[in-house]
Every structure is written in structure tokens, then in C-alpha cells.
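Please read the following report beside the sequence and the model, and look up each residue as it is named.

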Amino acid sequence: MHWWRRRWVRYGALITLLTLSGLVILALVREQTGTEGFLVGLGLAVLPVPLLIAAFRWLDRVEPGPWRNLVFAFAWGACAAALIAIVANSFATRWIATATADPSGADTLGATVIAPVVEESAKAAAILLVFLFRRRDFTGPVDGLVVAGITATGFAFTENILYLGTAFGTDQLSGDSGIASVTAATFFVRIVMSPFAHPLFTVLTGLGFGLAARSGYGRQVRRVLFPLGGLLLAMGMHALWNGSSTFGDFGFFAVYASFMVPAFGLLTWLAVWTRQRELRTVREELPAYTAAGWLTPAEPYALGSMRARRLAREYAKRHLGRPAARAVAEYEAYATSLAFLRHRGRGGRAGDDFVVRERELLNELWRRREVARPALDHAARMTVPTAPGPGYGYGSPQGYGTPHGYGNAHGHGNAHGYYGYGYPAGPYPVQNPYRS
């Protein structure tokens, strides 16, 4: 392997890039706002960040993505994307003002045309990188929404420092303070009324990448058009939002009430509906592993309920301590990934590594079964009064152990029709979703 392909080289280059971007953007913002303005802007801009991150983490709780992906997304938005936006927007606006000799028109054109294109493209780069290099963690619309939302939250954080710090500097020069100050007005518009503005734009791009991830590997046109369409919608909504101030005295409030709020409500409903759909997928796909002996009959029901999952972790923590609760949480995450993998396999979207990935996930579950199974069975009894008993609906596990009809992920079985790759003794092979 060449040295530039090694993981530590890639990680080192990425960390160096983000660190340098952060230092440069810090210097630029501080230069424009002053030290005092920077500190005030930082203190005010950080207020919505925990709430937005918590909202996206809540959405991602069915199959939580790795923290490193979210840290990268936030850092990219706050550092790299913000730096690209400041430099490119300033350069483009100055060039237009010089070419047209109309500074006012250049500012309007820069805000309504240049800024949406530059900023949404810069934020979309983070989604693209996760989509390409963390493909195993990027499997559907929820992953796209979460990565896009966290990236946009980081971008808005840096942008809010700049706007609030500049407003504070203006108030210092004019002597204004209190509710009538520019700082208070900026805080109300950007932090109170529209903290979701940048995430709302960028999640459209993330949704496009999520739909591309759900498309089959042979559908290359969709895998290009979905992200591109989402990016164009994000740019269009961003341009409408930035241009609302040019629509008259009440243009901003008209766009906010008639467009932004309904769009936010629609995307919120879509996110919640997608999360419920994921839970339904868990309940529908895991019974095949129950029939094969990998899971107890009650586990698919417990794993398909967020309340039952929480009760299982609490039960393990109460009886066996924090390490047991952590093992149950890992078991839940691996089981969810297994359900989604099988769902993609049934749709022909799992890829050539389906068998290997399924084996990895089943082995992870097997190692944690002694701690997780009692906790999940308890949670199922507490939340699902009619949870099935042994043998429910699928007959004996041996029903999937017949030597006929099932092959491997490529449609080829061995002499016994089993996968045949060294699973722990006990459970039986699972029906191949490609052959269902």
C-alpha cells in the first residue's frame, strides 16, 4: 500500500485541513468583529447549538451513527465550509461591484445568488465525503438528514458569531443597548426565529444523498440526480430566504410565515415518519433471525420500540452496571444494522459484501447475547403484553435449516444450501434475502 493511502495519512491530512481552516476563520472573524465582539458573538451563537445537535441525535437514535462522522460534519461546517463561504463571497461581491460600479447591487446579487450557491456547495462537500468514504454508515435518508443537519449547524454557528459580533460592534459605536440595539434584533432574527434556517436548507441536500444511498447499485442515474436535485433545492430555498429582505418592508415575515415555517413543518414530519419507518423495518426483518435461532422471539418487538430499548438499557444498568447497559446499547445498534442490511438485500441494494457484513453483525450480537437477551425480554414483557412466545409464527428453527433452497449472497449455495462460514454453534443459517 502506498503511503498516501494509509488511514493515518488520510486522517492526519483531514485533521490538519480542518485545524488550519479553523485557525484562519477564527482570525478572520476576530478581525471583523474585534475581540470583545467576537466573545459576545461566541457566547450568543453557541446557545442553539446543543438544541439542534440533540434534535438530530434524537432522529438518529434508531441506528446511531458514529460520533466521529458527526464531529467531522460539525467541524467541516464550522471551519472549512465557513472559510470557503467568507473568502468566495467576499471575492465575488467585490468583483461584481468593480465590474458594475454598483456596490449596492453587488451586495444584493451576492446575497441572493452567489452566497446560496457557494455556501450550499461548501456544506454539501461534507455530505459527499461521508457518503463516499463512510458508506457503511450512510444507508438512507435519515443518515443524510443527520449529517447535513450537523454540518449546517456548525456553519450557522460560525456565521452567527460573525453577525452577532458585528452587530455588537455597531452598537458600541452608536451607543445603543437593550431591546432597541442591533445586537438584540440580530439575536432575535437569527437565534430565536430562525435557528433552523441553515439546517433546513442543507437537509434537502442530505435527503438527496440519502435517497441515492437507498437506490440500487445499478441505478447510476438516480444516484447522481437525487443529490444534485437536493442541492439545487437547497440553493433555491436559501436564495429565497436571503432575498426576502428585498421584497418590501414585510417581505422577510411573508417568506418566513408562508414558506419557511411550512417547509420546516413538512421536513419535521418527514423526519419523524422516516424514523417510525425504520422501527417498522426492524420489526419486520428481524423475525427471520428469530426463526434461525439467533434472536429470541420477543427481541424483534423490543428492538422495534424506542421505549423498550430504553427499558432494556435501564434494566441492565440496574442489575449489572454501566458496562452491561453499554453492551445492551451496542447489541441494539448491531441488531438494527442487521435489519437494515437484510432490508437492503431484499431490494438488491446490499452490495457484494452482504454475507461478510451479515456475519460480522451476527457475531457481534452473539458475543453480547448473555447480557442483552434478559434485558430485552424484560423490556418486551413491559411494553408488549402480547409478545410472542417460543416458536411464534415461524415454527421451529430447523425450518430454516433445510438443505434446499438457500444460497449465498451471490445466489450460489454450497452442498447443503447454507452460507457455511463458521458461525458459532447453535443458530441455523438464515434465509438469503436475495432469494426471497
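In this predicted model, a polar atom in the side chain of R57 lies 3.5 Å from the backbone oxygen of G65. R57 belongs to helix α2, which covers residues 49-59 (helices are DSSP runs of H or I with at least four residues, numbered from the N terminus). R57 is buried, because its relative accessible area is 18% and buried means under 20%, with exposed over 50% and partly exposed in between, for a 1.4 Å probe and protein chains only.

The model is predicted, so local features need pLDDT of at least 70 and side-chain atom pairs count only at pLDDT 80 or more, whereas totals for chains, interfaces and linings use all residues. Residues are numbered from 1 along each chain as its sequence is written, and side-chain values use heavy atoms, with hydrogens and water left out.

G65 is also one of the residues that line the second largest cavity, together with others including D60, P66 and N69. On a 1 Å grid over the protein atoms alone, a cavity is a set of points where a 1.4 Å probe fits but cannot get out, while a pocket is an open set with protein on both sides within 12 Å along at least five of seven lines; lining residues have an atom within 4 Å of a point. The lining of the second largest cavity takes three residues from α5, which gives the most.

A search of the whole structure finds four cavities of 30 Å³ or more.

| Space | Volume | Lining residues by class |
|---|---|---|
| Largest pocket | about 1,100 Å³ | 17 nonpolar, 17 polar, four charged |
| Largest cavity | about 180 Å³ | three nonpolar, five polar, five charged |
| Second largest cavity | about 80 Å³ | six nonpolar, two polar, three charged |

In the table, Ala, Val, Leu, Ile, Met, Phe, Trp, Tyr, Cys and Pro count as nonpolar, Asp, Glu, Lys and Arg as charged, and the others, Gly among them, as polar. A volume is the space filled by probe spheres set on the grid points, which are joined across faces, edges and corners.

Where does α14 bend? Helix α14 bends by about 75° at R369, where the bend is the angle between axes fitted to the seven residues ending there and the seven starting there. The end C-alpha atoms of α14, which has 30 residues (354-383), are only 32 Å apart, short of the 44 Å that a straight helix would reach at 1.5 Å a residue.

How values were computed. Helix = DSSP H or I, 4+ residues; strand = E, 2+ residues; numbered from the N terminus. Expected span 1.5 Å × (residues − 1). Polar contact = N/O pair within 3.5 Å; in protein donor to acceptor, adjacent residues only side chain to side chain.
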